[in-house]
Amino acid sequence: MTRHAVPRDWKTGMVEVAPKVFAYVQATGETGISNAGLLVGHEAAIAVDALMVPSMTRRFVTAIKKTTRKSVADLVNTHHHVDHTGGNRYFPAATIIASEKCREELRPGFPPVPLLQRFMPAFAGEFSKLKVELPTVTFSDRMVLHDGEREIQLWHPGMAAHTSGDATVFLPRERVLFTGDLAFHGVTPLAFQGHVGHWIEAADRLLEFDAEVIVPGHGPIGTKADVRSMREYLVLVRREAKTRFDAGMPAEAAARDIKLGIYAAWREPERILPNVMRCYQEFRDETHLPMDIPKILEGMERLRGGPGRHPCL
Ligand SMILES: [Zn+2]
Ligand SMILES: [Zn+2]
């Protein structure tokens with residue numbers, strides 16, 4: 001029987017969740033502050049995601065070196081977002097593995113520096129140092145890495161959910177699932193490049209994995225109960241957005257009007273706005289169109305109660 005630890009505390013650092021399987025969690029999970037993973041194998045190690053700005057990835061690399069003397073031979077990117085791929089170049093010896101769609105999304109480069117600075121002002125000074133490092137091995141729906149007795153299963157849901165190129169990393173023997181941003185625990189999910197309806201379906205698929213420990217893209221290590229809770233948030237937002245869409249209510253008014261209940265206490269509740277806007281695009285069959293990010297940021301600032309207020313950052 002595999003030993004598991006599902007710690008409920010939430011601080012930045014490396015946590016062993018099963019033998020030689022580690023989650024690198026970053027408190028407190030807001031925009032840009034994501035989680036990563038480390039799988040220590042027979043000959044070498046595998047990293048799951050590379051975090052965002054240099055100061056973060058350096059801390060992660062230092063934590064890896066304290067955990068194992070083995071080098072990181074492979075790095076899996078769970079999707080193209082900069083908070084998961086920004087640090088790719090700090091793993092120069094690793095083969096970078098991702099879904100085909102993730103590579104496609106990453107190829108044009110990161111969003112412009114001024115936009116990143118506006119989105120994540122706490123890290124403004126570091127964005128100019130980012131350089132894209134593309135995955136060199138890609139897969140369409142599934143890929144399995146074999147390391148002795150250990151199987152590492154990569155899976156892409158076959159549709160856009162959080163993004164078009166989401167992938168999970170599952171260790172069936174250890175029953176540990178790294179979801180990337182297909183799961184947020186205690187942090188409001190963000191669908192500005194996703195599809196809320198499909199994300200609900202993808203969450204159903206996550207719940208089918210025989211996983212006892214779930215490491216989300218943002219938030220503390222958890223279990224399926226946390227994924228269920230996030231799924232319920234998406235269901236609530238989509239259902240309430242539909243009623244208001246049908247009534248002709250503008251998206252921002254709908255975002256203000258929807259009662260979030262327990263989810264109002266999740267971090268960054270103002271993400272309700274991009275999530276409702278994305279639902280509206282879904283109802284109009286327009287999810288292929290990108291969203292106007294500066295406009296969304298302005299709207300989120302209005303919902304937060306003024307610009308420059310970034311709680312907990
Ligand atoms: Zn993320
Ligand atoms: Zn993301």
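This passage walks through the fold of a single protein chain and then a few of its residues. The model is predicted, and everything below is read from it.

To start with the overall picture, the protein chain is built from 9 helices and 12 strands. Its radius of gyration is 19 Å, close to the 20 Å that the globule rule gives for 313 residues, so the chain is as compact as a globular protein of that length. Laid along the principal axes, the C-alpha atoms fill a box of roughly 60 × 40 × 35 Å. Of the 313 residues, 56% are buried. Contacts that reach along the sequence also say something about the fold: among those between residues at least 6 apart, 65% join residues at least 24 apart.

The disulfide count is 0.

Most residues other than glycine have a negative phi, and most peptide bonds are trans. Against that background, Ala27 and Thr28 are joined by a cis peptide bond, with omega at about 5 degrees. Thr28 sits in the loop that runs between strand E2 (21–25) and strand E3 (36–40). Another loop, between strand E4 (45–48) and helix H1 (54–67), holds Asp49, and Leu51 is in the loop between E4 and H1 as well. Phi is positive at Asp49, near 70 degrees, and positive at Leu51, near 60 degrees. Asp49 is buried, at 2% relative accessible area, and Leu51 is buried at 0%.

Finally, there is Phe127, found in the loop between helix H4 (113–119) and strand E7 (137–139). With a relative accessibility of 2%, under the 20% cut-off, Phe127 counts as buried. Leaving aside residues up to four places away in sequence, Phe127 touches Met52, Val53, Val113, Leu116, Gln117 and Met120. Tyr90 is 37 residues from Phe127 along the chain, and their C-alpha atoms are separated by 15 Å.

Conventions
Residues numbered from 1 in each chain as written. Chains lettered and ligands numbered in written order. Predicted model: local features only at pLDDT ≥ 70, side-chain atom pairs only at ≥ 80, totals over all residues. Heavy atoms only, no water. Helix = DSSP H or I, 4+ residues; strand = E, 2+ residues; numbered from the N terminus. Rg over C-alpha atoms; globule rule 2.2 N^0.38 Å. Buried < 20%, exposed > 50% of the residue type's maximum accessible area, 1.4 Å probe, protein only. Contact = heavy atoms within 4.5 Å. Disulfide = S-S within 2.5 Å.
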